[in-house]
There are 4 protein chains.
Amino acid sequence: MAEAAMDDYVQMDEVDWVVFPEGLCSGLVEWKLLHVSPETGAWTAAFRAEKGASIARHIHVGPGEYYMTKGVMQVRGGADEGGATARAPGYGYEACNAQHDYTVFEEDSELYMTFLGPLNFTDDDGNTIALVGWREVSEAWQAAA
Amino acid sequence: MAEAAMDDYVQMDEVDWVVFPEGLCSGLVEWKLLHVSPETGAWTAAFRAEKGASIARHIHVGPGEYYMTKGVMQVRGGADEGGATARAPGYGYEACNAQHDYTVFEEDSELYMTFLGPLNFTDDDGNTIALVGWREVSEAWQAAA
Amino acid sequence: MAEAAMDDYVQMDEVDWVVFPEGLCSGLVEWKLLHVSPETGAWTAAFRAEKGASIARHIHVGPGEYYMTKGVMQVRGGADEGGATARAPGYGYEACNAQHDYTVFEEDSELYMTFLGPLNFTDDDGNTIALVGWREVSEAWQAAA
Amino acid sequence: MAEAAMDDYVQMDEVDWVVFPEGLCSGLVEWKLLHVSPETGAWTAAFRAEKGASIARHIHVGPGEYYMTKGVMQVRGGADEGGATARAPGYGYEACNAQHDYTVFEEDSELYMTFLGPLNFTDDDGNTIALVGWREVSEAWQAAA
């Protein structure tokens, strides 16, 4: 019989922050990988960003949900341009195919996020530079640890 | 063509805590429903519990992930009995079919949790009392609001 | 690092049909369990039913999709009563929470179906008799094999 | 309250086969799009291929499951090279991240397949040429219909 999936627990304050891979962000963004679900390609991470830092252009290949616990993040241009301005404590649902041309942190910020499927980082013309999914984040996390 | 799912944002400190349905817990447990995904039956909520409060016996019909932001929660008997003792800041993955006979908060606590599928609340013999999924939480949330 | 899920292949004509568990159907219904995905609780099976056979009252806890390759099946009362009359070759999407009070095969029939989450078999008042998910079907399949 | 997903039914023999988009295959491959699930990015289709036809190099971004109802398909090099030789009636589970460098039909063939997430069509160096997901298949299907 197929084996059941395993429960897991991470004491987050016993795991060090690691610099998020260059090329995927600008300014200081750090992360902790918390879980990967290889069967569906889901993964979960915490992020910490300095004021002014930003995440490079990407598309969510599947839905993602975040819980902003500190600071301010402008998503999809922010609330003034039809996107969201996430101010802690805030919750956001980024739908399958959500396009994030520019995600910027206006204050020192922290968020927790669950992802189904990879992020598709693209150039300005929409060409894929990197598909970053459960396997790529696992490899990046292990390389840093 | 089928319509894309919608992005969503909730400013969590502008939403009041609501008492979690009686019968599903003991002591004071409050919640905020943040999102439901009717297609797959996923849902997301924040919970706040007083020291000594507990959640009634239930089984996770699909996987669930939590981010403990305050306090201490004993899951599946706690770490001493093969379960998990979640101490903020902590992350937990409760696998599909995880059985939670007794979940107790040892301090005033808060957590954020994503669920795939319903919780199956059972009696001591494992008989279903209530399947609490995206539809039931939506109805409970609307009735309270 | 977490292990990737495994590819799998089943040569279906080399697997014998097995009688579907009593109590879940009436008349002769046989099945072949093809796959289970323990992480999300998904599972896949083929079914063969004799004319006049039926499936007991159940609710789809998550979405299910079927491909009818032979015969005729009345779902949710059939097309005349707002449900579907599936006539091979036919495809059906049964949404999360779809309620199937009575599913009857009007001819000798065969179908292939993928499920997310369990089926909730209930009595006439909606009380759960059996939640039949990836684990229960695995156990039933192994007991019969 | 969020709206429930809708049930759906397609009488497959009343839908015409359409030529599968050029560039994604070689030889005559036809398809019928049966369903898309925008929330998770899942989709379902039937395919018909002439002997000798093949599918271009691609990676499954999420898991996929197929039911081969006619003919023979060599997947991942076929059974002789560690892949699968799907011979009707056959069932295959292609795991998340499955890499299909060359998929060839050795006889006139038909299959039904469910997909979670897009297919990532790549060049020989693994660079993404096209991510083909629920939205792209919907657009291609509507353009052809």
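**Group meeting talk: loops, rings, sulfurs and chain contacts**

Let me start at one residue. Arg76(C) sits in the loop between strand E9 (72-75) and E10 of chain C. Keep in mind that this is a predicted model.

Most residues other than glycine have a negative phi, and most peptide bonds are trans. Now go to chain B. Arg76(B), again not a glycine, has a positive phi of about 50°. Its place is the loop between strand E9 (72-75) and strand E10 (84-87) of chain B.

Next, the peptide bonds. Ala88(C) and Pro89(C) are joined by a cis peptide bond, with omega about -5°. Pro89(C) belongs to the loop between strand E10 (84-87) and strand E11 (90-94) of chain C. Chain D has a cis bond too, from Ala88(D) to Pro89(D), with omega near -5°. Look for Pro89(D) in the loop between strand E10 (84-87) and strand E11 (90-94) of chain D.

On to the aromatic rings. A pair of aromatic rings is described by the distance of the centres and the angle of the planes. Over all chains, the count is 32 aromatic pairs. One of them joins Tyr67(A) and Tyr67(B), with 6.0 Å centre to centre and 65° between the planes, an edge-to-face pair. This pair crosses between chains. Tyr67(A) is in strand E8 (residues 64-70) of chain A, and Tyr67(B) is in strand E8 (residues 64-70) of chain B.

Are these tyrosines buried or exposed? The cut-off for buried is under 20% relative accessible area. Tyr67(A) has 9% relative accessibility, so it counts as buried. Tyr67(B) has 8%, so it is buried as well.

Here is a pair inside chain C. The ring centres of Phe20(C) and Trp31(C) are 5.3 Å apart. Their planes stand at 80°, so this pair is edge-to-face. Phe20(C) is in the loop between strand E2 (18-19) and strand E3 (25-26) of chain C, while Trp31(C) is in strand E4 (residues 29-37) of chain C. The pair therefore ties together parts that are 11 residues apart in sequence. Phe20(C) and Trp31(C) are both buried.

In chain A, look for a cluster. Phe20(A), Trp31(A), Trp43(A), Phe47(A), Phe115(A) and Trp141(A) make up one aromatic cluster.

Charges meet rings here too. Over the face of Trp17(A) lies Lys32(A), 4.5 Å from the ring centre. In chain C, Lys32(C) lies over the face of Trp17(C), at 4.5 Å from the ring centre.

Now the sulfurs. A disulfide is a covalent bond between the sulfur atoms of two cysteines. Cys96(A) has 4% relative accessibility, so it counts as buried. Cys96(D), at 3%, is buried too.

Then the chains as copies.

How do they meet? The contact takes 33 residues from chain B and 33 residues from chain A. Of the interface residues of chain B, 100% are also interface residues in chain A, so the copies meet through the same surface. The size of an interface is often given as the accessible area lost when the parts come together. Chain B and chain A bury about 2,700 Å² between them, and 58% of it is on carbon and sulfur atoms. Which three residues supply more than any other three of the area that chain B buries against chain A? They are Tyr9(B), Tyr91(B) and Tyr93(B), with 26%.

Chain B also superposes on chain D, by a rotation of 180° with 0.0 Å of shift along its axis, at RMSD 0.0 Å. Glu39(B) is the residue of chain B that comes closest to the rotation axis, with its C-alpha at 3.3 Å. Here 100% of the interface residues of chain B are also interface residues in chain D, so these copies meet through the same surface.

One last stop, in chain C. Glu139(C) is in helix H1 (residues 134-144) of chain C. Its relative accessibility is 43%, so it counts as partly exposed. From Glu139(C) to Tyr67(C) is 72 residues in sequence and 24 Å in space, C-alpha to C-alpha.

Terms used
Residues are numbered from 1 along each chain as its sequence is written. Chains are lettered from A and ligands numbered from 1 in the order in which they are written. This is a predicted model: local features need pLDDT of at least 70, side-chain atom pairs count only at pLDDT 80 or more; totals for chains, interfaces and linings use all residues. Side-chain values use heavy atoms; hydrogens and water are left out. Rings of Phe, Tyr and Trp (its six-membered ring) pair if their centres lie within 6.5 Å; planes under 30 degrees apart count as stacked, over 60 as edge-to-face and the rest as tilted. Helices (H or I, at least four residues) and strands (E, at least two) are DSSP runs, numbered from the N terminus. Buried means under 20% relative accessible area, exposed over 50%, partly exposed in between (1.4 Å probe, protein chains only). A charge sits over a ring if NZ of Lys or CZ of Arg is within 6 Å of the ring centre and within 35 degrees of the ring normal. Contact means heavy atoms within 4.5 Å. Buried area is the accessible area (1.4 Å probe) that two parts lose on being put together, summed over both. Copies are superposed by least squares on the C-alpha atoms of residues with pLDDT of at least 70 in both.
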